Amino acid sequence: MKEPAIDSARGPLRDGPERASADPLRARPPRRLTATTITLAHGSGGKAMRDLIADVFVQAFDDPELSRMEDQARIDLTALGAHGSRLAFTTDSYVVDPLFFPGGDIGSLAVCGTVNDLAVGGAVPLYLTCAMIIEEGFSVELLRRIVQSMKATAREAGVRIVTGDTKVVPRGSADKVFINTAGVGVIPEGIEVGAGRALPGDKIVINGHIGDHGAAIALARGQFALESTIRTDCQPLYGLVRAMLDVCPEIRALRDATRGGVAAVLSEFAEASDVGLLIDEAAIPVRPEVRALCELLGLDPIYLANEGKVVAIVPDKNAGALLARMRSHPAGADSAIVGEVVVEPKRRVVAKTVFGGERVVDLLFGEQLPRIC
């Protein structure tokens with residue numbers, strides 16, 4: 001049994017037979033879920049599952065067409081084409097532990113992560129899917145909180161959750177809740193960004209403090225007797241990226257720095273473009289409390305995960321104007337130019353340290369902190 005789907009584009013609803021056919025369904029009395037915990041019956045395809053979908057998902061997402069209860073989203077191609085000629089399509093899964101952490105939760109993370117993957121391709125994010133794998137015994141109240149968070153974040157990001165799926169697995173077969181989201185967007189004409197487009201002389205720009213998300217998750221797990229005000233940086237980035245492209249359509253490359261942090265993104269740029277990247281550690285924004293936590297735990301902030309940071313490669317001539325525009329946007333107030341593209345050493349990222357030396361920034365073999373997204 002699938003989560004219901006919609007077929008209208010973002011914006012005013014279309015008139016006509018399709019709209020009319022949805023109205024009687026919306027007029028039906030809403031189903032109510034009375035259970036306080038999820039049982040295997042909620043994944044069985046029967047009445048319990050219908051009540052779960054209708055009460056927890058349909059009413060929360062509150063889309064005019066959701067009550068169709070179809071097994072797929074039906075997208076108006078004319079509406080899509082109004083945004084551009086190329087489709088951007090992405091998917092990601094979220095297994096973060098804990099589910100709730102300072103400044104966010106698995107729901108907001110799932111929406112932001114997928115919206116941001118579309119945005120850094122230059123796309124206008126439009127539609128998301130939501131598939132949940134729920135462990136038997138999970139609290140219905142906590143599930144409602146997660147879904148409400150997804151709703152609020154999707155509204156902030158300007159996207160619609162149009163279809164999905166719900167599965168329930170026996171107790172012990174999963175860890176509370178896993179979420180998969182897929183996203184669809186459209187790339188406007190004239191926008192071309194990619195990891196392999198960096199050129200010597202280009203500048204490297206980041207939109208603010210790095211490592212906040214990884215640090216917040218590490219502390220939220222309660223494994224350290226530490227108190228801190230560190231919060232995740234989880235946020236939708238499309239508004240910032242749109243502002244960046246407005247002032248500098250020539251942006252070479254964009255990538256959100258999630259798992260593997262800024263180091264992973266820079267390494268991907270260097271390898272794909274067959275260039276070197278030289279960064280200045282002193283120029284990279286890191287909050288004092290994040291830096292202190294990293295020193296205490298033996299971590300490096302450049303490898304910590306982020307969920308609201310974009311790394312951009314831009315032509316030198318545009319860097320100043322772009323930086324000013326980024327700093328005028330709420331998601332980029334602390335933006336900084338942190339390095340440049342060089343000819344040698346090819347496919348390497350080199351950091352100038354605060355002590356005046358240099359070090360190679362390589363990809364980690366594993367992950368500093370597992371299950372951070």
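Biologist: Where does Pro98 sit?
Modeller: Pro98 is in the loop between β2 (86-94) and β3 (100-101); strands here are DSSP E runs of at least two residues and helices are H or I runs of at least four, numbered from the N terminus. This is a predicted model, where local features need pLDDT of at least 70, side-chain atom pairs count only at pLDDT 80 or more, and totals for chains, interfaces and linings use all residues. Residues are numbered from 1 along each chain as its sequence is written, and side-chain values use heavy atoms, with hydrogens and water left out.

Biologist: And the peptide bond from Asp97 to Pro98, cis or trans?
Modeller: Cis, with omega near 5 degrees. The bond from Glu344 to Pro345 is cis too, with omega near -5 degrees, and Pro345 is in the loop between β12 (336-342) and β13 (349-352).

Biologist: Okay, what about phi at Lys176?
Modeller: Phi of Lys176 is positive, about 70 degrees, although this residue is not a glycine. Most residues other than glycine have a negative phi, and most peptide bonds are trans. Lys176 falls in the loop between β6 (160-169) and β7 (177-187).

Biologist: Why does Lys176 count as partly exposed?
Modeller: Because its relative accessibility is 29%, and partly exposed covers what lies between buried (under 20% relative accessible area) and exposed (over 50%), using a 1.4 Å probe and protein chains only.

Biologist: And Asp274, where's that?
Modeller: Asp274 is in the loop between α8 (261-273) and β10 (276-280). Its phi is positive, near 60 degrees, and it is partly exposed at 34%.

Biologist: Switching topic: how many residues are in the largest nonpolar core?
Modeller: 81, and those with the most contacts inside it are Met132, Leu143, Met150, Leu277, Ile279 and Val311. Helix α2 (residues 47-61) gives the largest share of this core, eight residues. A core here is a set of buried Ala, Val, Leu, Ile, Met, Phe, Trp, Tyr and Cys residues joined through side-chain atoms within 4.5 Å. Apart from it lies another core, of 32 residues, among them Leu126, Tyr127, Leu237 and Leu240.

Biologist: What does Leu143 touch?
Modeller: Leaving aside neighbours within four places in sequence, Leu143 contacts Ile38, Leu52, Val56, Met132, Ile134 and Phe138; contact means heavy atoms within 4.5 Å.

Biologist: Last one: is Tyr238 buried or exposed?
Modeller: Buried, with a relative accessible area of 18%. Tyr238 is in helix α7 (residues 238-247). Beyond neighbours within four places in sequence, Tyr238 is in contact with Asn116, Ala119, Ala123, Val124 and Pro125.
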